[in-house]
Structure formats: C-alpha cells, structure tokens
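Please look over the sequence and the model shown here. The briefing that follows covers strands, helices, salt bridges and a surface patch.

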Amino acid sequence: MLIGLLAGLVGLALGTFGVLAYRVSEKQRQILDVGSDEVSLPAGAAEVLAVVGRAFVVVDAVDGVVRASPAAYAYGLVRGHTVVHKELLDMTAGVRRDGVILEKQLELPRGPLGQGTIIVQVRAAVLGEEYILLLADDRTEITRTEEIRNDFVANVSHELKTPVGAISLLAEALESSADDELAVRRFAKRMHKESGRLAALVQDIIELSRLQGASVTQQGGPVDVNAVIAEAVDRSQLPAESKNISIVVGGRAEGTVFGDQDLLVTALRNLIDNAIRYSPPNTRVGIGVRTKDGLVSISVTDQGEGLSAEDQERVFERFYRVDSARSRHTGGTGLGLSIVKHVASNHGGEVTLWSQPGHGSTFTLRLPEMEGQETAELLPPAPEAVYGPPELANAESPEKRVPSAPGAKKRGASA
C-alpha cells in the first residue's frame, strides 16, 4: 500500500507540473506573438493603415502576411496568410532588393475560377526594418470608364472622317463636272447620302447625351403606344423601300404608358432601322404588340443572320458592332441599341433580345402600363398592317418563324 500511495503522489505531481508547464508555455507564446506584431511595426503605422481608405497587405521577410485589410481579402489579393498573385510577390522582392518604392497598375484574376478580373493600382514600399507594405486601389470601374471614353472619341473621329472625306471628294468632282448634268446629279445624290449619314451620327450622339440627363418622371405624360408604332414605322419607310422590305405590324396596345413620346419613337425607330439594315432585300420586318400582366411588349423581328451568344452579351454597348466593316457599309453608327437601352431604362422598362445564328433576331421593348387609367373598351384584334411593296403581302410573316416576346424571355434573353 505504501508503494502504491507513493506512486500515486508521484503521478499527481508530474501531471500538475505538466499542466503548469503547458500554461506557462502558452502565455509566453502569446506574449511573443503580440510583441512581434506590434513592437516591430513603426509607431503609429497600425493606426494610419486603419484609416488609409485603401486595401493594404503587410508581409514579412519571407512574404508571409502579417496583417491585411478586409478589402485585400475581398479583392482576392490574400488568401489565409498567403499573397495570392505572383505579380505582387515580384513587387515585394524588388522593393526588398533595391529599397525603392514601386508602383504598378495590374490586371489580376478576381478568383481561382472564372474569367473575372480586377484592375488595381498597387504601391509597394518598405515599412519598418523588415516589413513590406502593399497598398492597392481598385481602379476597375475608372479604367472601364476611360476605355469607353477613348473608344467613344476614336469611333466618333473615325465615323466623322469617312462621310466628311467623301463629301469633300464629291464636292471636288462636282466642281470639275459642272457642265455634265448627269454627273452633277449623280454626285449630288452621293453627297446627299453621305451628308445624311453624317447627320445621323451627329443626331445619335446628341440623342444619347440628352438621354443621360433626361427626366421622364418630370417631363413625361400619357403616351399612346399605337401612335408611337405608327410614327416610328412611317419614319422607317424610306430605308425599307430602298431594300424592297415590307414592315408588318400585328396586334394593338389597349392601354397607355407614361413617358416621353419622342423618346419612345426614337427607340422604336432605332430597332426598326436596325432590323431593316441587317435583313436581306425582298424580306419582311415584323412588329408584334401585346399587353399582358401590366406590361406592353413591342417586338421587332428581322430575317437577318442572327447573333452569336458573345455578340448578344455586348450588342447594347456603345459603339459595339458585330461587323464593323458591314456596319460602315450599311451606315450604322453603333449607338442605336445603346439609345434603346437608355430609353427603356428611363421609362422603367427593359429591352431584351432573342437570337440564333441563321434564324434572325427579335428585340423586345417592354414598358409598364400607366397606372390609374380607365379600362378601355375592348376592341377586336387589329388586322395585320403591311407597309411596303405589295408583292410581299402574301409572304410568310416573320412572327410565325421567330418566337414572340414572352417566349424569347423564357429562352433566357438578356437585357
């Protein structure tokens, strides 16, 4: 019994000593960690970094992350205690080697998967005796805006240059052929065409600028959608007749929408002109109208070549063209669909697209009906109206070939 009692006392003593040693070790480790985190940083550095307003990362001599802001994790610059991107590690190595401040603009993957990127302005500098500080500023939106502005200037300059140069050459030819009546008429006709193209481009630029500052809420009123369609079709008759294309209107909107009639006519005319421009001669452009669930849908269907999935994602961007060479030949400015998108947005609606290569395209403008209007007497369905060459009156309607607006929406059309 004496031996057993002594063994128990020895075991208890050893256990107690082990627990005490473990607690002392933990306390010493915590003290060392706190000391190394705060004592090594220059005085006031932590406070300044907390209010600097930019994502920051502090790395040690072996590029381990000592401290990082939440924004650095959100941007995907840091994962755990590791700097993700090699470009950032190259900058820290350069600062550590040369002792100079480095600043670069980098386009980095936003995550481990997908094609998303982020553009950051990164500044790397020495912090204290052993740390390197990385300051990162997200410039993705600013860079995108600058690219749009540069594209705008470049495209406008290019588009203006073509008709202005053509008018100049035609004027010289006209001057040298003053005695030839046929030549004068031919050159004058060409000059009229080029001046019309120039006027259309300038008008689109003015229209887009006006839309960005327009307030439909303050300036709008009740608008008859049927009158908008009739006026837009009337304005598109000349380009349609030049290609022997019929414009077919089916359906009728019973209610009204709240908005600006001139802007809505401009938007619909752009959709119709776009359909005419990319449809082959001797075909039809279909316009379908329907009202459902408080929305008025106006669908414009062409019989063109259709759009690929990539083109559908970008077709509403300013100056984006599926085929720039063809657009210049057809007189497109690249601003029409952007104007349509702005008009739809300003009226609380949307514009959607359904398209398949080889099967044409359907653009659908959807607008909310005006609330509080009296229920109109239901009228019988309006007969199909055909505008254009009579020989196309019995041809197959595009509406029968391409899905209508609700079907297009179900197929995943994107605004």
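Two strands pair if DSSP finds at least two bridges between them. Helices (H or I, at least four residues) and strands (E, at least two) are DSSP runs, numbered from the N terminus.

This is a predicted model, in which local features need pLDDT of at least 70, side-chain atom pairs count only at pLDDT 80 or more, and totals for chains, interfaces and linings use all residues. Residues are numbered from 1 along each chain as its sequence is written, and side-chain values use heavy atoms, with hydrogens and water left out.

**Strand E14 and its partners**

- Strand E13 (residues 350–355) runs antiparallel to E14, and six bridges join the two.
- Val351 stands opposite Leu365 of E14.
- Five residues lie between the strands in the hairpin of E13 and E14, where Gly358 takes a positive phi near 85°.
- Strand E12 (residues 295–301) also pairs with E14, in the antiparallel sense, over seven bridges.
- Thr301 has Thr362 in E14 as its bridge partner.
- Strand E14 (residues 361–368) is largely enclosed by the rest of the structure, because six of its eight residues are buried. Buried means under 20% relative accessible area, exposed means over 50%, and partly exposed is in between (1.4 Å probe, protein chains only).

**Helix H4**

- Helix H4 (residues 86–98) has 13 residues, which at 1.5 Å a residue should span 18 Å. Its end C-alpha atoms are 18 Å apart, which agrees. The expected span is 1.5 Å times one less than the number of residues.
- Leu88, Met91, Thr92, Gly94 and Val95 are the buried residues of H4.
- They cover an arc of only 160° around the axis, so they sit on the same side of H4. The arc is taken from the directions from the helix axis to the C-beta atoms.
- Lys86 and Arg97 are exposed on the other side of H4.

**Salt bridges**

- A salt bridge is a side-chain nitrogen of Lys or Arg within 4 Å of a carboxyl oxygen of Asp or Glu. By this rule the count comes to eight salt bridges.
- Arg96 and Asp63 meet through their side chains in a salt bridge (3.0 Å, N to O). Arg96 lies in helix H4 and Asp63 in the loop between strand E1 (55–59) and strand E2 (65–68), so the pair ties together parts that are 33 residues apart in sequence.
- Arg96 is partly exposed at 34% relative accessible area. Asp63 is partly exposed at 21%.
- Another salt bridge joins the side chains of Asp98 and Arg97 (3.3 Å, N to O). Asp98 is partly exposed, at 46%, whereas Arg97 is exposed, at 62%.
- Glu181 forms a salt bridge with Arg185, with the closest N and O atoms 2.8 Å apart. Both residues lie in helix H6 (residues 181–213), four residues apart, about one turn of the helix.
- Glu181 counts as exposed at 52% relative accessibility, and Arg185 is exposed at 56%.

**Nonpolar surface patch**

- Leu2, Leu5, Leu6 and Leu9 make a nonpolar surface patch of about 430 Å². Patches are made of residues with over 30% relative accessible area and no salt bridge, with like charges joined within 9 Å and nonpolar side chains (Val, Leu, Ile, Met, Phe, Trp, Tyr) within 5 Å. Accessible areas come from the Shrake-Rupley method with a 1.4 Å probe; for residues, only the protein chains shown count as cover.
- Leu2 lies in helix H1 (residues 2–38). Leu2 counts as exposed, at 61% relative accessibility.
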